[in-house]
Amino acid sequence: MSAITDIAAVRAWLGEARRIAVLTGAGMSAESGVPTFRDAQTGLWAKFRPEELATEAAFRANPTRVWDWYASRRDLMKAVHPNAGHLALAQFQQRYPGRLTLITQNVDGLHQAAGSVDTLALHGNIGDDIWLDPCQGAPGRAGVCEVTRAQPGRPPACADCGNLLRPGVVWFGEMLPAVALAAAEDAAQTCDLMLVVGTSGAVWPAAGLAHTARHNGARVVVVNPEPSELDGVAHALLRATAASALPALLADEITDTR
Ligand code: APR
C-alpha cells in the first residue's frame, strides 16, 4: 500500500499514539541556517570531502585543518537559534512528559537549546571537547589530561603529554555512544509512531531505527521536502519542511485522543 500524504490523518495517528519516537537529521536545522550535509549545492559534503575532515585519520594527519573547520562550524552554531520545528517538539514534550523520545543525528545542540529534555544525541555534540588519546601522563604526574591545563593551540594540547583535544562528535568509522544508541533502539522497538524529520537516511545505524520501528509495528512518518532513503519504510510522506510541518502536527488540541 502506498504511503499517505494527508497531514490530518497523521495528526489523528499522533493522537492515538501512546509512545512517540522522533528521529531528526540535518534538515531539522536547515531553517535555522545550519547547512545540511548532502543537499546538492548547499550541503557541506558538496564543498568538503568528509574523509578529509570527519575521520580520526584526517584529524591525526592534519589536526589544525580539522580543528579550524569545526571551529568555523561552532561559530556558526553559536549564531543560530532553534526554529519553530525544534520549539514544537520541546513544547510537546513539556505538555506530555515521557510520551515523546527525541533521537537526533545533529551535533548543533538546537533541540537542547529549544528546551527538549533527554535528547539522545547519537553523533555527539560539537560544543564538547574530548581528548584524542588516553593520557600518557608526565614524570611524577598521574595520567590525567586536564582541559584546564591544556596548552592553547589549534587544537589545544595536554600540558603533560601533548595529547590533543578534538571535537566531541562521532566521526565516520567511529562507534556511537553506547547508552544513547541503546535507548534509541529501545524507543524504536517500543514506539507506536516514529516521526523521521529532515534526514536523508544515508547514515547507519541511525537510519536503521526507522526500519526497526516499522518492523516492530509502529507507524512511520517521513517529513522531508525531498525524497529520502527512508521513504520506503514510511506509512506517510509529508513533503514539507520541519519548521512548517512539526507545529502543524503537534499543535495541542488535535493530538490527544487516547
Ligand atoms: N526540513 C526538513 N528536511 C529538510 C529541510 C527542511 N527545511 N531541508 C533539507 N531537508 C532534508 C533534505 O532533503 C535531506 O534529505 O534533510 C535531509 C538532510 O540530509 P543529510 O544532509 O544527509 O543529513 P543527515 O541525514 O542528518 O546526515 C546524517 O551524516 O554527514 C553525516 O554525521 C553526519 O549526522 C550526519 C549524518
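## Reading a predicted model, feature by feature

Modeller: Helix α7 (residues 84-95) lies across β1 and β2 (100-104). The helix runs at about 150° to β2. Keep in mind that this is a predicted model.

Colleague: Which strands does helix α10 lie across?

Modeller: Helix α10 (residues 208-215) lies across β1, β2, β6 and β7 (219-223). Its direction is at about 155° to β6.

Colleague: Now the strands. How do I read a sheet, and in what order do the strands stand here?

Modeller: The general idea comes first. Strands of a sheet pair through backbone hydrogen bonds, in either a parallel or an antiparallel way. In this model, 6 strands form an open sheet, and the pairing is parallel. Read across, the order is β3-β2-β1-β6-β7-β8.

Colleague: Which strands stand at the edges?

Modeller: Those are β3 (120-121) and β8 (236-238). Each has a single partner strand, so one side of each lacks a neighbour in the sheet.

Colleague: Over how many bridges do β1 and β6 pair?

Modeller: Strand β1 (residues 20-24) and strand β6 (residues 193-197) pair over 5 bridges, in the parallel sense. Find leucine 23, and opposite it you will see valine 196 in β6.

Colleague: On to the rings. What describes an aromatic pair?

Modeller: Two values do: the distance of the centres and the angle of the planes. This structure holds 4 aromatic pairs. One of them joins phenylalanine 59 and tryptophan 171, at 5.4 Å centre to centre with 40° between the planes. That pair is tilted.

Colleague: Where do phenylalanine 59 and tryptophan 171 lie?

Modeller: Phenylalanine 59 is in helix α5 (residues 56-61). Tryptophan 171 is in the loop between β5 (165-169) and α9 (178-190). The pair therefore ties together parts that are 112 residues apart in sequence.

Colleague: Are phenylalanine 59 and tryptophan 171 buried or exposed?

Modeller: Both phenylalanine 59 and tryptophan 171 are buried. Compare tryptophan 69 and tyrosine 70. Their ring centres are 5.0 Å apart and their planes stand at 85°, so this pair is edge-to-face. Tryptophan 69 and tyrosine 70 are buried too. Put together, Phe59, Trp69, Tyr70 and Trp171 form one aromatic cluster.

Colleague: Which charged end sits over the ring of tryptophan 171?

Modeller: That of arginine 166, 3.8 Å from the ring centre. Look at tryptophan 67 as well: the charged end of arginine 74 sits over its ring, 5.3 Å from the centre.

Colleague: Last feature. How many salt bridges does the count come to?

Modeller: The count comes to 11 salt bridges. Take arginine 49 and glutamate 52, whose closest N and O atoms are 2.8 Å apart. Arginine 49 is partly exposed, at 46% relative accessible area. Glutamate 52 is also partly exposed, at 29%. Arg49, Glu52 and Arg65 are linked in a network of salt bridges.

Colleague: Where do lysine 78 and aspartate 75 lie?

Modeller: Both are in helix α6 (residues 63-78), 3 residues apart, about one turn of the helix. Lysine 78 is exposed, with 66% relative accessible area. Aspartate 75, at 49%, is partly exposed.

Colleague: Which side chain meets arginine 239 in a salt bridge?

Modeller: Aspartate 231, at 2.6 Å, N to O. Arginine 239 counts as partly exposed, at 41% relative accessibility. Aspartate 231 has a relative accessible area of 16%. Buried means under 20%, so aspartate 231 is buried.

Definitions and conventions:
Residues are numbered from 1 along each chain as its sequence is written. This is a predicted model: local features need pLDDT of at least 70, side-chain atom pairs count only at pLDDT 80 or more; totals for chains, interfaces and linings use all residues. Side-chain values use heavy atoms; hydrogens and water are left out. Rings of Phe, Tyr and Trp (its six-membered ring) pair if their centres lie within 6.5 Å; planes under 30 degrees apart count as stacked, over 60 as edge-to-face and the rest as tilted. Helices (H or I, at least four residues) and strands (E, at least two) are DSSP runs, numbered from the N terminus. Buried means under 20% relative accessible area, exposed over 50%, partly exposed in between (1.4 Å probe, protein chains only). A charge sits over a ring if NZ of Lys or CZ of Arg is within 6 Å of the ring centre and within 35 degrees of the ring normal. Two strands pair if DSSP finds at least two bridges between them. Contact means heavy atoms within 4.5 Å. Axes are lines fitted to C-alpha atoms, for helices over the stretch in contact, and angles run from 0 to 180 degrees between N-to-C directions. A salt bridge is a side-chain nitrogen of Lys or Arg within 4 Å of a carboxyl oxygen of Asp or Glu.
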